[in-house]
Amino acid sequence: MVAIFPGLCHPSGMDLEALFEAINDEELEPNSDLAVLREILLSVSLRKNFDTRTMKRFGELTGKAHQHRRLKPSSAEIEFELVGISGQLRKISEFALQVEDILVTVDLSRVKKCEGDECEALFIDESKNKSRKWCDMAHCGMLRKSKVFYDNHRRVNPVPSTKNKSGVIE
Ligand SMILES: [Zn+2]
């Protein structure tokens, strides 16, 4: 029998796509629970201390989530599930536990904010040498690259100077 470890593609074994999609939403409501989770990861990415209020609210969110967390019965692997909550509360509790797991299990220098101009997206850099800079190479990465190319190109081949009427280069 072949053992399947579905989580192994991610270092922490978590599927974080939904979490990051939610906290990177540009229309994230300020002061919402999701905004608190974003603030935690943003502080990590900026190597900044958490502010007291964020810490307090994060503690409440994870505390509530832990009250509903149970070890999944008859599971071959160690797995947890949330019982007794549903809907939005369940979603935010799952996210809060994931953020907590990130803080505990992920190399925090891999938690990054996109370097794209005007992009606020957070992501986890899973590249071998931690070299990832952009949330999305196809978007922010290409925008930046084309800008660098344009700048370099101009430096190598400066725009020809305009000549005045007598033909002297100004
Ligand atoms: Zn970006």
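**Helices, core and loops**

Mentor: Start with helix 2. The 13 residues of helix 2 should span 18 Å at 1.5 Å a residue, and its end C-alpha atoms are 19 Å apart, so the two agree. Keep in mind that this is a predicted model.

Trainee: Which residues of helix 2 are buried?
Mentor: Asp33, Val36, Leu37, Arg38, Glu39, Ile40, Leu41 and Val44.

Trainee: Back up a bit. How many helices and strands does the protein chain have?
Mentor: It has 5 helices and 4 strands. Along the sequence the pattern reads α-α-α-β-β-α-β-β-α.

Trainee: What share of the protein chain is buried?
Mentor: Buried residues are 16% of the 170 residues.

Trainee: And how much of the contact set links residues 24 or more positions apart?
Mentor: Such pairs account for 43% of the contacts with a separation of 6 or more.

Trainee: Now helix 2 against helix 4. At what angle do they pack?
Mentor: About 10 degrees, with the axes 10 Å apart. Angles under 35 degrees count as roughly parallel, so helix 2 is roughly parallel to helix 4.

Trainee: Which residues make that contact?
Mentor: From helix 2, Asp33, Leu34, Leu37, Ile40 and Leu41. From helix 4, Ile92, Phe95, Ala96 and Val99.

Trainee: How does the contact of helix 2 with helix 4 split by class?
Mentor: It has 8 nonpolar residues, no polar ones and 1 charged.

Trainee: What about helix 3 on helix 4, what angle there?
Mentor: About 110 degrees, with axes 9 Å apart. The range 65 to 115 counts as roughly perpendicular, so that is how helix 3 sits relative to helix 4.

Trainee: Which residues are involved in this one?
Mentor: Helix 3 brings Leu61, Thr62, Lys64 and Ala65. Helix 4 brings Ile92, Ser93, Ala96, Leu97 and Glu100. By class, the contact of helix 3 with helix 4 has 5 nonpolar, 2 polar and 2 charged residues.

Trainee: Helix 4 keeps coming up. How far does helix 4 reach, first C-alpha to last?
Mentor: It reaches 27 Å with 19 residues, close to the 27 Å expected at 1.5 Å a residue.

Trainee: Which residues of helix 4 are buried?
Mentor: Ile92, Ser93, Phe95, Ala96, Leu97, Val99 and Ile102. What covers them includes helix 1, helix 2, helix 3, strand 1, strand 2 and strand 3.

Trainee: On to the largest nonpolar core. Which residues touch the most other members?
Mentor: Of its 22 residues, Leu37, Ile40, Leu41, Leu61, Phe95, Ala96 and Val99 do. The elements giving two or more residues to this core are helix 1, helix 2, helix 3, helix 4 and strand 4.

Trainee: Which element gives the largest share of this core?
Mentor: Helix 4, with 6 residues.

Trainee: What does Leu61 touch?
Mentor: Asp33, Val36, Ile92 and Ala96, leaving out residues up to four places away in sequence.

Trainee: What is Ser45 in contact with?
Mentor: Beyond its neighbours within four places in sequence, Val111, Lys112, Lys113 and Leu122. Val111 is 66 residues away along the chain, yet the C-alpha atoms of Ser45 and Val111 are separated by 5.2 Å.

Trainee: And Arg47, what is its phi?
Mentor: Positive, about 55 degrees, although Arg47 is not a glycine. Arg47 lies in the loop between helix 2 and helix 3.

Trainee: Is Arg47 buried or exposed?
Mentor: Exposed, because it has 9 C-beta neighbours inside 10 Å.

Trainee: Where is Lys130 found?
Mentor: In the loop between strand 4 and helix 5. Phi of Lys130 is also positive, near 55 degrees, in a residue other than glycine. With 11 C-beta neighbours inside 10 Å, Lys130 counts as exposed.

Trainee: Last one: Met142, where is that?
Mentor: In helix 5, residues 137-156. Met142 counts as partly exposed, with 13 C-beta neighbours inside 10 Å. Met142 and Gly116 are 26 residues apart in sequence and 9.4 Å apart in space, C-alpha to C-alpha.

How values were computed. Residues are numbered from 1 along each chain as its sequence is written. This is a predicted model: local features need pLDDT of at least 70, side-chain atom pairs count only at pLDDT 80 or more; totals for chains, interfaces and linings use all residues. Axes are lines fitted to C-alpha atoms, for helices over the stretch in contact, and angles run from 0 to 180 degrees between N-to-C directions. Angles under 35 degrees count as roughly parallel, over 145 as roughly antiparallel, 65 to 115 as roughly perpendicular and the rest as oblique. Two residues are in contact if their C-beta atoms, placed from the backbone, lie within 7 Å. Ala, Val, Leu, Ile, Met, Phe, Trp, Tyr, Cys and Pro count as nonpolar, Asp, Glu, Lys and Arg as charged, and the others, Gly among them, as polar. A nonpolar core is a set of buried Ala, Val, Leu, Ile, Met, Phe, Trp, Tyr and Cys residues joined through C-beta atoms within 7 Å. A residue is buried if 20 or more other C-beta atoms lie within 10 Å of its own, exposed if 12 or fewer, and partly exposed in between; C-beta atoms are placed from the backbone. The expected span of a helix is 1.5 Å times one less than its number of residues.
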